[in-house]
Amino acid sequence: MKKYKVAILGAGASGVMCALSTKQKSVALIDSSTKPAKKLLVTGNGRCNLTNTNLNSSFYNTDLEKFFDVFDQNKTLKFFQNIGLETYADEEGRVYPISNFAKSVVDVIENNLKCDLFLGQKIEKIASENGKFVIFTEKEQIEAEKIVVATGGSSAEILNQLKIKHKKFTPSLVALKGADTHDLNGTKLSNVLVSAVCEDGKKKSQMGEVLFKENGLSGIVVFNLSTLFARKSNYCGEIEIDLLPKLTYRQVVEKVKSRKALNVRLDKMFVGMFQNSVANEIFKQAKINTNKPSENLADSEAEKIANSIKSLKFKVDSCYDNFQVLCGGVELCDLTDKLESKQRKGVYVAGEAVDVDGECGGFNLQWAWTSGYIIGKGL
Ligand SMILES: Cc1cc2nc3c(=O)[nH]c(=O)nc-3n(C[C@H](O)[C@H](O)[C@H](O)COP(=O)(O)OP(=O)(O)OC[C@H]3O[C@@H](n4cnc5c(N)ncnc54)[C@H](O)[C@@H]3O)c2cc1C
């Protein structure tokens, strides 16, 4: 049996950051994958959006300021620069490697890892013996005094074996399903205000883009809002879209009325203003018969149309399979400031295994770096 002071379970973003930042010399880093930080290759559409210059807790489900006081986006960038990674930020503050290839991030990490690597080895069991932990992989038995759970969204089994309580892992940053969007399939909306409304009335809104699918809605804003449904209502609720967020309801009513003078068939009334698929949806939701001249539109009908323009509604009841992050995991209240389990001394929990999730834009990787760094320094 190989013996170490520390075993890091999982060589994803948080696990490698922990390994890179610790002063401990006796460290085993274990992963079922054949390459450390391999998952980073698919992040940010292959570019790896590693952090965001506008970092603060408002982008997360919980307050992380005390952790960012220790290791924030600036320290992260400095850390990566010191190991050779050059980066740039786009106009939204999203930081990428200057090469625009996630592989650059993976390569600098791989070049700088000094610990013993146990790759291609799935962790199958963890036992406790004489106050130490024994990790059974497919090929090895590794003993460690302390362990770091950095196995991301697949941590449930390991946490169960360690008898550490945690919230169920469920997809977040995910497209929402169940909406009657067949006629809008492929339509993209920009600069709209999108709101997620839970069955209990809880609401969260964000400006941005929406992409309609055959049977649901996608796009960064929908991803960000999906967290509310994931946490509050098992993905059931309503997405409301304000197509003209800069105008008040009354202004929209006046705008609709003013277009009566175009003197076209009603279904052509929004040509030059909305895409055809969107105009059709507005009429459908407003329950307006479009088989008449625009000048015959009644004031009450203009109000109904304005209502739909300000609040196009889509019911959702589930999520798609491809998600970017899982919510759930060990709650921060069950961890110390050094992210050690209060239930189980010697067990530290990092990254997605903690019940922390952020919006799209580099915030989830930042949490992985921050948590991995704090644990690494505290070992
Ligand atoms: C397609 C996609 C794109 C994304 N893009 C971005 C982005 O651009 N920016 C951003 O901030 N976030 C992004 N994310 C989210 C981000 O990747 C995660 O938040 C982050 O990787 C979490 O880090 P982690 O260390 O907790 O877990 P992970 O990075 O998932 O690492 C966990 C590691 O544990 C290993 N493991 C799990 N179970 C076992 C086991 N039993 N035995 C051995 N090894 C095990 C896995 O192989 C893995 O290497 C993206 C996610 C996805 C899916």
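This report walks through the predicted model of the protein chain, from its overall layout down to single residues.

## The chain as a whole

The C-alpha trace of the protein chain spans about 85 × 40 × 35 Å along its principal axes. Its secondary structure amounts to 10 helices and 17 strands. Of the 379 residues in the protein chain, 45% are buried.

Contacts that reach across the sequence are well represented here.

The domain assignment divides the protein chain into domain 1, made of 2-166 + 330-378, and domain 2, made of 172-323. Between the C-alpha centres of domain 1 and domain 2 there are 39 Å. Four residues from domain 1 and seven residues from domain 2 take part in the contact. On the side of domain 1 that touches domain 2, one residue is nonpolar, one is polar and two are charged.

## Helix 1 against helix 10

Two packed helices are described by the angle between their axes and the distance between the axes. For helix 1 (residues 13-21) and helix 10, the angle is about 35° and the axes lie 7 Å apart. Their crossing is right-handed.

Which residues make the contact? Helix 1 brings A13, S14, G15, M17, C18, A19 and S21. From helix 10 come L365, A368, W369, S371, G372, Y373, I375, G376 and K377. Sorted by class, the contact of helix 1 with helix 10 holds nine nonpolar residues, six polar ones and one charged one.

## Helix 3 and its two sides

Helix 3 covers residues 73-82, and its buried residues are Q73, T76 and F80. Viewed down the axis of helix 3, these buried residues fall within an arc of 55°, so they line one face of the helix. The other side of helix 3 carries the exposed residues N74, K78, Q81 and N82.

What do the buried residues of helix 3 pack against? Their partners are strand 3 (51-52), strand 4 (87-89), helix 4 (102-112) and helix 10 (363-378). Just after helix 3 comes G84, which has a positive phi of about 110°.

## Helix 4

Helix 4, one of the packing partners of helix 3, has a set of buried residues of its own. These are A102, S104, V105, V106, V108 and I109. They pack against helix 1, helix 3 and strand 5.

N45 is found in the loop between strand 2 (27-30) and strand 3. Its phi is near 55°, a positive value in a residue other than glycine. N45 counts as exposed because 10 C-beta neighbours lie inside 10 Å, and the cut-off for exposed is 12 or fewer.

N100 sits in the loop between strand 5 (94-97) and helix 4. Phi of N100 is near 65°, again a positive value in a residue other than glycine.

K287 belongs to the loop between helix 8 (276-286) and helix 9 (299-310). With 9 C-beta neighbours inside 10 Å, K287 counts as exposed. K287 and N224 are 63 residues apart along the chain, and their C-alpha atoms are separated by 31 Å.

L193 is a residue of strand 11 (residues 188-198). Having 18 C-beta neighbours inside 10 Å, L193 counts as partly exposed. Setting aside neighbours within four places in sequence, which residues does L193 contact? They are S205, M207, D242 and P245. Another pair to look at is L193 and S226, which are 33 residues apart along the chain and have C-alpha atoms separated by 15 Å.

Notes:
Residues numbered from 1 in each chain as written. Predicted model: local features only at pLDDT ≥ 70, side-chain atom pairs only at ≥ 80, totals over all residues. Buried ≥ 20, exposed ≤ 12 C-beta atoms within 10 Å, placed from the backbone. Helix = DSSP H or I, 4+ residues; strand = E, 2+ residues; numbered from the N terminus. Arc of directions from axis to C-beta. Contact = placed C-beta atoms within 7 Å. Domains from an automatic or database assignment. Nonpolar A, V, L, I, M, F, W, Y, C, P; charged D, E, K, R; others polar. Axes fitted to C-alpha atoms, helices over the stretch in contact; angles between N-to-C directions. Left-handed = near helix turned anticlockwise from the far one by under 90°.
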